[in-house]
Structures are given as structure tokens and as C-alpha cells.
Amino acid sequence: MKGMNIFIKLSSLLLLIPTLLFLFSCKEEVEKEVVSASELPQDNSDLSTYAKRHIEAALRIPATEKYTLSILKNNLDGDDKEDAVILVNRYQFAIDEAGKSPNPAKKAELGFMGNYNYFFFFDGGLNLISPPLAIPSSPMLPLKVSFENITSSSYKDILIDFRIRNASYKDFYTISNHTPLRIFQWKNFDGLGTSESECFIFDYALGSYSESKDILIKKGVLATIPKNADLFIYEPTITAAKKQETLFNFFYLPKTGKYVTKK
């Protein structure tokens, strides 16, 4: 991407990642059922119970399936109500599907990649849980969520890490009109365990063209990987390089609703 003199939309950058193209091509249709506000307690005290019921209905999860569900709460849209991100990992379902496929060994070789990691947004103001948002990835590791003040200082945005074989990516979501909207994506690391490995550090700066912060991509350093580590699930330690050079400076353009860069 170096040497390009035109603005590059993030979506174009992602087209250069073949593995992601493969994953998104296998995206399946998911029933989009929304739990009505009247079904949730007004104080959200029993969110986990209703989240479980909503998720099992939306994803058609049978009573016999083992899956993991986690809820992380924060203020994600600027009102005075606490919101939440609900994560679902269907590893058992992925293994069962692989076993029924014509080539289970190939599925394992690809890290069982597919639509087995989901997140849902709970809107505390509306008292509603969103339809599922699938993140095509390896179910061998569940999604990881963190929160940052990026588009606003008054509420948090959602950062989601997901794994694809020996690579990891980070999605950035903001809540727009009560809906999670992906505004940016970049690698955490890629080529883990190979001579072509690379990793990155994320930093933030005052917005160049809007109130939304710029996202700075800097070179990272991978710690030594233990011998015989399973590169599909090993989570490496990444530190900042001694020379803190900014490789890319992405800034938000409100007219397009995307982060772009001049490089």
C-alpha cells in the first residue's frame, strides 16, 4: 500500500486480505428476531436470562448444545442507560458440523473457520437486544471485547478482536441509530510463527477532520513464541517497537462514515 497517492477507503484495503474474503463469502443467513422491550425487566437486573433466551431463539441453538455466553456492560450510545455487548461462541457446533462435512481434516486445517462467533448489542435505553452479528472467524478462540473513547468523549466505542488461523484482527464499531456500525478494521498480527510475521500497536490522536479521534497504526514487536505452541490459539505478547514510527494515520470522514488514510 506504500506509495499510493490517493485516499484509500478501508473497505478497499480489506480486499487485499484473501482469507477474510473467503470467510465473508461463507456467511450464512441468520434469523433476525428481536426481543420486545416489554419482555425485559426495566432495571435490566435479569439481562442474562433474557439474553440466553433471545440468543437461543435467534441462532436456533438446541437445548443439547454447549456454547459460551458473556456480557460486557458499558455506556455505548451517550444516553444515561447502561448498554451491553453480548458475546456467543459455538465451538461445539463448529466441531459437530466439521464432523459431518465431506472433508473434516480440511475444516481442521482451516481452524474450523465460519460463522460460529457472534455478538449482540443490548440497548439500555430501548431495553432491546439486537439481531445477531456474525463475525466469521475461528471458534477455537472466542471474541475479545474492549472499549475506547474514539468517536466521542461521552461514550465508548466497541473494539472486537477475532482470530483467523495464525492471524488476529480488530474490528471497531460505533453505535449509530441504535445499531452497531463497523467503521474500521486492522490486523493485530499475521503470519504468527513464520518468517513473514508482523504485528501492530494501536494509538489514538486528536481528530484531523472531525471530533472522532485519528487511529494511528504503529509497528509492534512479537515476544518469543514457545516451541510446539498451537499457532491457531496461542496469544502472543505484543510490545511497542523502540522506534515509535506511525505507519498509517487513519482519520474519520463524517460524509463517508469511514476511516481513510492518505497513504
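**Figure 1. Accessible surface and overall make-up of the predicted model.** The accessible surface of the protein comes to about 13800 Å², of which 53% belongs to carbon and sulfur atoms; accessible areas come from the Shrake-Rupley method with a 1.4 Å probe, and for residues only the protein chains shown count as cover. This is a predicted model, in which local features need pLDDT of at least 70 and side-chain atom pairs count only at pLDDT 80 or more, while totals for chains, interfaces and linings use all residues. Residues are numbered from 1 along each chain as its sequence is written, and side-chain values use heavy atoms, with hydrogens and water left out. The protein has five helices and 15 strands; helices (H or I, at least four residues) and strands (E, at least two) are DSSP runs, numbered from the N terminus. Buried residues make up 44% of the 263 residues, where buried means under 20% relative accessible area, exposed over 50%, and partly exposed in between (1.4 Å probe, protein chains only).

**Figure 2. Confidence along the chain.** The mean pLDDT, the predictor's confidence in each residue from 0 to 100, is 86 for the protein, and 83% of its residues reach 70 or more. Over residues 1-39, pLDDT stays under 50. For this stretch the model has 80 contacts beyond four places in sequence, a contact meaning heavy atoms within 4.5 Å.

**Figure 3. The largest nonpolar core.** A nonpolar core is a set of buried Ala, Val, Leu, Ile, Met, Phe, Trp, Tyr and Cys residues joined through side-chain atoms within 4.5 Å. The largest one has 18 residues, and V85, F119, I158 and I160 have the most contacts inside it. Two or more residues of this core come from each of β3 (83-89), β4, β7 (144-148), β8 (157-164) and β9. A second, separate core of 15 residues includes L47, I61, F122 and I129. In soluble globular proteins, nonpolar side chains tend to be buried together.

**Figure 4. Helix α3 and its buried face.** The 12 residues of helix α3 (residues 47-58) should span 16 Å at 1.5 Å a residue, and its end C-alpha atoms are 16 Å apart, which agrees; the expected span is 1.5 Å times one less than the number of residues. L47, A51, H54, I55 and A58 are buried in α3. Seen down the helix axis, these buried residues fall within an arc of 95°, so they line one face of α3; the arc is that of the directions from the helix axis to the C-beta atoms. They pack against β2 (68-74), β3, β4 and β5 (128-129). Just after α3, R60 takes a positive phi of about 55°.

**Figure 5. Two loop residues with positive phi.** F112 lies in the loop between α5 (104-109) and β4 (117-123), and its phi is near 60°, a positive value in a residue other than glycine. F112 is buried, with a relative accessible area of 14%. N177, in the loop between β9 (167-176) and β10 (179-190), has a phi near 55°. N177 is exposed, with a relative accessible area of 66%.

**Figure 6. The surroundings of G207.** G207 is found in the loop between β11 (198-205) and β12 (214-222) and is partly exposed, with a relative accessible area of 29%. Leaving aside neighbours within four places in sequence, G207 is in contact with S212, K213 and D214. G207 and F250 are 43 residues apart in sequence and 9.5 Å apart in space, C-alpha to C-alpha.
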